[in-house]
Amino acid sequence: MALSGALKRCQRIFSWVPVMIITSVVLWSYYAYVFELCLFTLRNTLEKGKLSSLDISLEKVFGEFPMAYLLVFHVCFVMFSWTYWKSIFTPPSSPSKKFHLSYTDKERYGKEERPDVQRQILVEIARKLPVFTRAPSGAIRFCDHCQVIKPDRCHHCSACERCVLKMDHHCPWVNNCVGFSNYKFFLLFLTYSMLYCIFIAATVFRYFLMFWVGKLPNGPAKFHVLFLLFVALMFFVSLMFLFAYHCWLVAKNRSTLEAFTAPVFLSGPDRSGFDIGVRRNLEQVFGEERRLWLIPVFSSLGDAHFFPLRSQNESQNPLLANEGQWQEGGSDAENTTLQRDPSVTIEMEP
């Protein structure tokens, strides 16, 4: 037991290594851009008049530099850092108490030795909950580890050791599970990461060429500028593909897990089961107030315990029609209005 505990502690420590790598690269890029390029190289060269005859097109865009460079750079840096922080330290949302087995149900379930009676106990509990998706076998999804009947789009994360609402994936680069509570922050993190990289690459490229052909004096800044361009372009290309993939997922209202394994409904597997149109799909993640879309504050719709379905419009969808019944304050009598199929069985999922 002691060895197992030590291994888990080591695993938790090493799980922060990717975050420390990203943090170190970003802090170095800040030093290289602000101090080595803008303050030491550009300002000193401008003061000596060595760039007065050069045709620098970016100067027409940013005006007097390096101050304009620094202003735009710091806006990108702050938004990147803010979204990265929110992606890392926003805890994943877990199912509410209504989906957990009560103390009485746990005791009744644990004492019962007959599998068919155990399944019936769980079926009775599931009848009170807004659960539409099923396990591949058609059984109601139940997490034996968390002792919880899984809401739609909820999955158990072995790294976080919990069930996560609307789980997308576990990301080692943020050392966190990306799900309902922080998916918007993760998307904005990708967005501002790309802007940060492309701004650095665009403004550094000309000085990279100048150092390369010898128009700027050799020194420590040359090394930093060369690697700034290389690292910015490398990260931008990687992020571009990941960002494009998640944009496609949002437009289709799918998670990464659902893109690989279609969610199963009573009618069968359907990857587009939660697709309710591009505009409404975007609102599911970013909210209805568009002024908040690009700001890392939580604005996603709902509470991730139930979702509108493609096959049902709002007037027909019992999840929407009875939304108020599934709030924490709802009574047990009210919650019984949404009935499940009593013939379904329960499948244990680790």
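Pockets and cavities, step by step

The model is predicted, so to speak of local features pLDDT of at least 70 is needed, and side-chain atom pairs count only at pLDDT 80 or more, while totals for chains, interfaces and linings use all residues. Residues are numbered from 1 along each chain as its sequence is written, and side-chain values use heavy atoms, with hydrogens and water left out.

The volume of this largest cavity is about 80 Å³, a volume being the space filled by probe spheres set on the grid points, which are joined across faces, edges and corners. Its lining divides into five nonpolar, three polar and three charged residues. In this scheme Ala, Val, Leu, Ile, Met, Phe, Trp, Tyr, Cys and Pro count as nonpolar, Asp, Glu, Lys and Arg as charged, and the others, Gly among them, as polar.

A search of the whole structure turns up two cavities of 30 Å³ or more.

Now for the pockets. A pocket is an open set of points with protein on both sides within 12 Å along at least five of seven lines. About 550 Å³ of space lies in the largest pocket. Of the 20 residues lining this pocket, R12, A159, C160, H170 and N175 are the closest to its centre. Helix α1 gives the most to the lining, with three residues. By class, nine lining residues are nonpolar, seven polar and four charged.

The second largest pocket holds about 460 Å³ of space. It has 25 lining residues, and I22, F189, S193, F235 and L239 are the closest to its centre. At least two lining residues each come from α2 (17-47), β5 (169-171), α7 (183-213) and α8 (220-252), with α8 giving the largest share, eight residues. This lining has 19 nonpolar, six polar and no charged residues.

Notes:
1 Å grid on protein atoms, 1.4 Å probe; cavity = no way out; pocket = protein on both sides within 12 Å on 5 of 7 lines; lining within 4 Å. Helix = DSSP H or I, 4+ residues; strand = E, 2+ residues; numbered from the N terminus.
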